[in-house]
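Could you look over the structure below with me before we discuss it? My notes are set out as numbered points.

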Amino acid sequence: QVQLVESGGGLVQAGGSLRLSCAASGSIFSIKAMGWHRQAPGKQRELVAAITPGGDTNYADSVKGRFTISRDNAKNTVYLLMNSLKPEDTAVYYCKLEYRNTWWRPWEDYWGQGTQVTVSS
């Protein structure tokens, strides 16, 4: 009984900025990590950025220095601030929650439905 609500996708010109958000709710006992992945047409889905409740972050090399991931633990929400956007950033961005609903259960992944980000040149 988990829900992920994604928002913030849209159209932007190259060099512009966009801010994605993902709010998790439902039967969540603890969160291991939350993050964003993206998939462009004809390409594999790839990690963009992830963050733990303690603040440890992981970024794809292609977005380092341009994107910033942050979180609000009280709201179970993760944000992705995307600056200096490039046309190659165009993709469907998916929020991923790594969580468990009971202390003794294995970690599970839960995916959002995705939000389109389109960067024009």
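This is a predicted model: local features need pLDDT of at least 70, side-chain atom pairs count only at pLDDT 80 or more; totals for chains, interfaces and linings use all residues.

1. Residues are numbered from 1 along each chain as its sequence is written, and side-chain values use heavy atoms, with hydrogens and water left out.

2. Strand E4 (residues 30–39) and strand E5 (residues 46–51) run antiparallel and are joined by five bridges. Strands here are DSSP runs of E with at least two residues, numbered from the N terminus, and two of them pair if DSSP finds at least two bridges between them. Across this pairing, His37 stands opposite Leu47 in E5. The hairpin of E4 and E5 has six residues between the strands, and in this hairpin Gly42 takes a positive phi near 75°.

3. E5 is also joined to strand E6 (residues 57–59), by three bridges, and these two strands run antiparallel. Here Ile51 stands opposite Thr57 in E6, and the hairpin, with five residues between the strands, contains Gly55, which takes a positive phi near 100°.

4. How many salt bridges does the structure hold? There are seven, where a salt bridge is a side-chain nitrogen of Lys or Arg within 4 Å of a carboxyl oxygen of Asp or Glu. One of them brings together the side chains of Glu98 and Lys32, at 3.6 Å from N to O. This pair links distant parts of the chain, since Glu98 belongs to strand E9 (residues 91–100) and Lys32 to strand E4, 66 residues apart. Glu98 counts as buried at 18% relative accessibility, whereas Lys32, at 40%, counts as partly exposed; buried means under 20% relative accessible area, exposed over 50%, and partly exposed in between, with a 1.4 Å probe and protein chains only.

5. Arg38 forms a salt bridge with Glu46, with the closest N and O atoms 2.9 Å apart. Arg38 is buried, with a relative accessible area of 6%, while Glu46 is partly exposed at 29%.

6. Asp89 and Arg66 form a salt bridge whose closest N and O atoms are 2.8 Å apart. Because Asp89 lies in the loop between strand E8 (77–82) and E9, and Arg66 in the loop between E6 and strand E7 (67–72), the pair ties together parts that are 23 residues apart in sequence. Asp89 is buried, with a relative accessible area of 1%, and Arg66 is buried as well, at 11%. Salt bridges that share partners join Arg38, Glu46, Arg66 and Asp89 into one network.

Notes:
Helices (H or I, at least four residues) and strands (E, at least two) are DSSP runs, numbered from the N terminus.
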